[in-house]
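This briefing concerns a pocket in a protein chain and the secondary structure elements around that pocket. Please keep the sequence and the model in view while reading.

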Amino acid sequence: MARDTGRKNDTGRRLIAQNKRARYDYHIDDTWEAGMVLMGTEVKALRAGRASLADGFAHVRDGEVWLENVHIPEYTQGTWTNHAPRRRRKLLLHRREIQKIIAKSEEPGWTLIPLSLYFKDGKAKVEIGLARGKKSYDKRQAIAKREAEREMQKAAAARFRRR
């Protein structure tokens, strides 16, 4: 007989926050999934679906990867033990992954950006990406390409409806 732990069955992936602006402003070269060291009130605030990755970034210091400027608001029912909303959070990665990140991020022009924040099998995870900033003409090309694809889809849908 299965033991009842009192918890709901948290399987799969549940998205909390996504940094859509990062994919527009940066070329994403490589991505990693990392766990985070969180306080209890941070987990409760994330379960309520509240977080912002807008100004967030990650960096390596003393052989560890840290997440900065990610806003997890204070838990509304928290007490004096509540957390600071923009505190530095340690990311949990394998040593080999940290070595790859160090090797790639030391090159000039590369930065680590949080792309999404989610729960995976009940544990809070963050997807970080190694990114290089886009130039303004790259952004214009991306917009033009997206609009051209939309026009093609509209034309195909209109032709399909006429049949």
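Helices (H or I, at least four residues) and strands (E, at least two) are DSSP runs, numbered from the N terminus. On that basis, β7 gives the most to the lining of the second largest pocket, with 3 residues. This is a predicted model, in which local features need pLDDT of at least 70 and side-chain atom pairs count only at pLDDT 80 or more, while totals for chains, interfaces and linings use all residues. Residues are numbered from 1 along each chain as its sequence is written, and side-chain values use heavy atoms, with hydrogens and water left out.

**The chain as a whole**
- The protein chain has 4 helices and 7 strands, and from the N terminus on its elements follow the order β-α-β-α-β-β-β-α-β-β-α.
- Of its 163 residues, 31% count as buried, where buried means under 20% relative accessible area with a 1.4 Å probe and protein chains only.

**The second largest pocket**
- A pocket is an open set of points, on a 1 Å grid over the protein atoms alone, where a 1.4 Å probe fits, with protein on both sides within 12 Å along at least five of seven lines; lining residues have an atom within 4 Å of a point.
- The second largest pocket holds about 160 Å³ of space, a volume being the space filled by probe spheres set on the points, with grid points joined across faces, edges and corners.
- Its lining includes Met36, Arg47, Phe119 and Lys123, and β2 (26-36), α2 (40-47) and β7 (123-133) each supply at least two lining residues.
- By class, the lining has 5 nonpolar, 2 polar and 3 charged residues, with Ala, Val, Leu, Ile, Met, Phe, Trp, Tyr, Cys and Pro counted as nonpolar, Asp, Glu, Lys and Arg as charged, and the others, Gly among them, as polar.

**Helix α2**
- Thr41, Glu42, Ala45 and Leu46 are buried in α2.
- These residues lie on the same side of α2 because they cover an arc of only 140° around the axis, the arc being that of the directions from the helix axis to the C-beta atoms.
- Just after α2, Gly49 takes a positive phi of about 85°.

**Strand β7 and its partners**
- In β7, 8 of the 11 residues are buried, so the strand is largely enclosed by the rest of the structure.
- β7 pairs in the antiparallel sense with β2 over 9 bridges and with β6 over 10 bridges, where two strands pair if DSSP finds at least two bridges between them.
- Tyr26 stands opposite Gly133 in β7, and the bridge partner of Ser116 is Glu127 in β7.
- The hairpin of β6 and β7 has 2 residues between the strands, and Asp121 in this hairpin takes a positive phi near 55°.

Note on methods
Buried < 20%, exposed > 50% of the residue type's maximum accessible area, 1.4 Å probe, protein only.
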